[in-house]
Amino acid sequence: MKFVAFERAKQGTGASRRLRISGKTPGIVYGGEGQPQLIEIDHNALWHALKKEAFHSSILEMELAGNTTKVLLRDVQYHPFRQLVQHIDFQRVDARTRMTVKVPLHFKGEEESVAVKLDHNLVNHVMNELEVSCLPADLPEFIEVDLSGLTKNATIHVNDIKLPKGLKYVSHGKGNPVVVSAVSPLVAEETAAAEGAPAEGAAPAAAKADAKAPAKKK
């Protein structure tokens, strides 16, 4: 994906506020062989780009001052309640250096699996992305996970997923976590009931409120 950025001369809270008022988003590009560089991007164009999955997980081409640089989105700061991007960070990509990035998971074959089709299990997607290490040329937009072989009450772990060539899972000491689990409807209902049930001996809130309320005079 491509996007256009412009050089930003001023920095600081006041300068950034004025940029946002004018419809621009302040940002920075760092890493690689160059020095960190302040940039600004048209907010509306950026807002629509951020809605696309590929903008978050693929190598981007940034056009700046007539030159094109390959970068990776590293951080986005949103306004707490307004539809506003307050700041954005990009990292330059070196073709010879491995990088660590989160890649979204795309699931397929769920409806055709024995767990769903015959045993009517509910499929729980525990993880929706994987953090991997790879060279820029090997970075995929997503990792596909085939669930057609999922069986009753089974689980799929990270080690069960066939990663594309050049990718290595970054575990951060978490070992081999569960990515997907199949659960029977009865177990799911019992779990939900247990989580939502009041403590033993406790009366419902409504009943307590009624008990405390004074009787109405006739």
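Is Phe55 buried or exposed? Phe55 is buried, with a relative accessible area of 1%. Buried means under 20% relative accessible area, exposed over 50%, and partly exposed in between, for a 1.4 Å probe and protein chains only.

## About the model

This is a predicted model, in which local features need pLDDT of at least 70, side-chain atom pairs count only at pLDDT 80 or more, and totals for chains, interfaces and linings use all residues. Residues are numbered from 1 along each chain as its sequence is written, and side-chain values use heavy atoms, with hydrogens and water left out.

## Aromatic pairs

The structure holds 4 aromatic pairs. Rings of Phe, Tyr and Trp (its six-membered ring) pair if their centres lie within 6.5 Å; planes under 30 degrees apart count as stacked, over 60 as edge-to-face and the rest as tilted. One of the pairs is Phe3 with Phe55, edge-to-face, at 5.9 Å centre to centre and 70 degrees between the planes. Phe3 belongs to strand β1 (residues 2-7) and Phe55 to helix α3 (residues 53-57), 52 residues apart. Helices (H or I, at least four residues) and strands (E, at least two) are DSSP runs, numbered from the N terminus. Phe3 counts as buried at 11% relative accessibility. Phe3, Phe55 and Phe90 form one aromatic cluster.

Trp47 and Tyr78 also form an edge-to-face pair, with 6.2 Å centre to centre and 85 degrees between the planes. Trp47 lies in helix α2 (residues 43-50) and Tyr78 in strand β5 (residues 67-78), so the pair ties together parts that are 31 residues apart in sequence. Trp47 is buried, at 18% relative accessible area, whereas Tyr78 is partly exposed, at 40%.

## Nonpolar cores

A nonpolar core is a set of buried Ala, Val, Leu, Ile, Met, Phe, Trp, Tyr and Cys residues joined through side-chain atoms within 4.5 Å. The largest one has 28 residues, and Leu130, Leu139, Ile143 and Leu150 have the most contacts inside it. Its largest share, 4 residues, comes from β7. Apart from this core lies another, of 19 residues, including Ala49 and Met62.

Not counting residues up to four places away in sequence, Leu130 touches Val101, Ile143 and Tyr169, among others. Contact here means heavy atoms within 4.5 Å.

## Around Asp42

Asp42 is in strand β3 (residues 37-42) and is partly exposed, with a relative accessible area of 32%. A polar atom of the Asp42 side chain lies 3.0 Å from the backbone nitrogen of Ala45. Asp42 and Val4 are 38 residues apart in sequence and 8.2 Å apart in space, C-alpha to C-alpha.

Definitions and conventions: A polar contact is a pair of N or O atoms within 3.5 Å; within protein, one must be able to donate a hydrogen and the other to accept it, and residues adjacent in sequence count only if both atoms are side-chain atoms.
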